[in-house]
Amino acid sequence: MTDTTPQSRHDPDARGHFGDYGGRFLPEALMGALDELASEYDKAQQDPEFTAEFQRLLSGYAGRPSLLTEAPRFAEHAGGARILLKREDLNHTGSHKINNVLGQALLTKRMGKTRVIAETGAGQHGVATATACALLDLDCVVYMGEVDTERQALNVARMRLLGAEVIPVATGSRTLKDAINEALRDWVTNVDTTHYLLGTAAGAHPFPVMVRNFHKIIGEEAREQMLAQVGRLPDAVAACVGGGSNAIGIFHGFLDDTDVRLVGLEPGGKGLDSGEHGATLTQGTPGTLHGALSYLLQDEDGQTIEAYSISAGLDYPGVGPEHSHLKDEGRAEYRAVTDDEAMDAFQLLSKTEGIIPAVESAHALAGALQLGRELGPDGVILVSLSGRGDKDVDTAARYFNLVEGV
Amino acid sequence: MSRIDELFAQTRGEGRGALIGYLPAGYPTVAESKELLAATVDAGADLVEVGFPYSDPVMDGPTIQAAADTALRNGFRLKDLFDVVESVANRGGRAVVMTYWNPVFHYGVDAFARDLAAAGGLGLITPDLTPDEGSEWITASDAHGLDRIFLVAPSSSDERIALTTAAASGFVYATAVMGVTGARETVGSAAQGLVQRTRVHTDLPVGVGLGVRSGDQAAEVSAFADGVIVGSALVTKANEGTDAVAALTKELAEGVRRPRA
């Protein structure tokens, strides 16, 4: 295995271990490609041309830096604490996903590969990937669970408009987990020409550290903006966690600020007691899935348990390995937010601030409401508003009975 | 010398490849999987791979995925695996288990090794565990006298083949093509090159899998490999019952015995 050099004390070891978690649990046939990716990523990080090109795309194409917006009317419902929103929803394609996608698409070109495959749950990562592939002239195939193609039909159309092929996955639970399985099967077959553009900070090394680093800019910008606009760091940072990429990106801006609480909000679905949820870190146990050792929802035989959430983007039984490490270390805390709590926050932000959040991000907002009530009027909370809710209007219309006959 | 070492010493002595047949435990039911495995043993499989039906089989194509789904829907549980392995041993067959890593990890690596050995199993094939993450398994397999069959692929560098074969025992599993399991018209041309590259690094027997489905293909692979691994084709026959499985096994067993060119 090609070893990568840790750059900071928050980096994994040379083989991708964050404490006990991470590593590589994938077929031998993919080890060469993972080595190549790790080595090419290492070189790219130290190549001023690569980093300049990445920065140019982030500012000139994705629209960074994203705004930091205070949400005072929303915060009235949070015990009087101040709430600030990191506006990843304003990025091109409508979520934080574009950061990672642009980075990996540039790496794909650098490796001389011509074809990109990706998985998607809500469709945000798929749309972002299709976008970057259109921009950089790469062939693009997106695997999406059949259940999700139905929940997010508009995003399927978006991806196809952008020139991507969308393949509905009808195996297993027909959601994100199975889309990843299919993408891995494609990758093992076509690895010579194809890069697997994984959409979250999970999977085998080097994906967790690489995806995190492409998203670190969220936290770096937010930290500077907090100091400039509020004059202090937040008491807590709230972010939703499915695979955990927006959370790890924003958390990293504050890891060394040990007074800042880092709070990940997992999908509690219909309630933890119902068994229908995706609360991997709060309810799971360590295990291997999709290439890494991390917390996992599994039964007593080690079979993966199907996750559930109203949010297709959080509906995943695994989680990135660095989150497992941060949980065990106690540096970050994780709690679950139910569908109903998330949808209440979804509606509240829409009505009080004129911002329709993604249902995923609404989990972070619901967490912020809880944290605000706990912290009281002196509290300051930073929320990762990881995506916008255009794609969720249909879900919301059904949930709130907003349209006759729907 | 392990029982797998003895097997390959024998087949090498006979100037032929060993026939290695794969069937999932619990497919379509636990009881029927025992009968199907018994049929392959009786019809001439030198070694059987008992597959563990897993919820996320990323290295498997549609045939074995569907079989795993069926087994799980029909109530397969981990403890049934040891029962099925024991049935092969009692039939006079030799069994290894092929399993994705998480069920072993979750059960406890040492406990799994202990219980597999107690059931008469001879080793593990681990499609998503490479020696890089294998230290706990290497310790446990040594402690319980099990062989550890790691995989090499056409994409493996010589450096990785050296690392993998140094950690392996029993035999080395060479995946003939880049891709998932499933019967194919032709066995990849990469297979022979991979076997040759593997032999540079080890004296361990090399078995070739992914795509073999007929006696002719078995003969072709047997000409350059120590073992011919047949999975999806047997699983497809399992749908038709024990007679069909026995017939294909006989054809394959005849194939590996054809004089090498």
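**Notebook: chains A and B**

I began with the contact between the two chains, and found that 28 residues of chain A are in contact with 33 residues of chain B. I note here that I am working from a predicted model.

I then asked which elements of chain A each supply at least two residues of the side that touches chain B. These are β2 (21–25), α1 (31–45), α8 (176–190) and β11 (285–289) of chain A, and α8(A) gives the most, with six residues. By residue class, this side of chain A divides into 10 nonpolar, 12 polar and six charged residues.

**Chain B as a whole**

I next looked up the secondary structure of chain B, which comes to 12 helices and nine strands. The radius of gyration of chain B is 16 Å, close to the 18 Å that the globule rule gives for 261 residues, so I recorded chain B as being as compact as a globular protein of that length. Its C-alpha trace spans about 45 × 40 × 30 Å along the principal axes of chain B. Of the 261 residues in chain B, 63% count as buried. I also looked at sequence separation: among contacts in chain B between residues at least 6 apart in sequence, 75% join residues at least 24 apart.

**Helix α10 of chain B**

I listed the buried residues of α10(B) as Q217(B), A218(B), A219(B), E220(B), V221(B) and S222(B). Looking for what they pack against, I found β1 (18–24), α9 (190–199), β8 (206–209), β9 (227–230) and α12 (242–257) of chain B.

**A helix pair in chain A**

Last, I turned to helix α2 (residues 48–62) and helix α4 (residues 97–110) of chain A, whose axes come within 10 Å and cross at roughly 140 degrees. I noted the crossing of α2(A) past α4(A) as right-handed.

For the residues involved, I wrote down that F50(A), E53(A), F54(A), L57(A), L58(A) and A62(A) in α2(A) meet I98(A), N99(A), L102(A), G103(A) and L106(A) in α4(A). The residues of this contact of α2(A) with α4(A) divide into eight nonpolar, two polar and one charged.

Methods
Residues are numbered from 1 along each chain as its sequence is written. Chains are lettered from A and ligands numbered from 1 in the order in which they are written. This is a predicted model: local features need pLDDT of at least 70, side-chain atom pairs count only at pLDDT 80 or more; totals for chains, interfaces and linings use all residues. Helices (H or I, at least four residues) and strands (E, at least two) are DSSP runs, numbered from the N terminus. The radius of gyration is taken over C-alpha atoms; the globule rule is 2.2 Å times the number of residues to the power 0.38. A residue is buried if 20 or more other C-beta atoms lie within 10 Å of its own, exposed if 12 or fewer, and partly exposed in between; C-beta atoms are placed from the backbone. Two residues are in contact if their C-beta atoms, placed from the backbone, lie within 7 Å. Ala, Val, Leu, Ile, Met, Phe, Trp, Tyr, Cys and Pro count as nonpolar, Asp, Glu, Lys and Arg as charged, and the others, Gly among them, as polar. Axes are lines fitted to C-alpha atoms, for helices over the stretch in contact, and angles run from 0 to 180 degrees between N-to-C directions. A crossing is left-handed if the near helix is turned anticlockwise from the far one by less than a right angle, and right-handed if clockwise.
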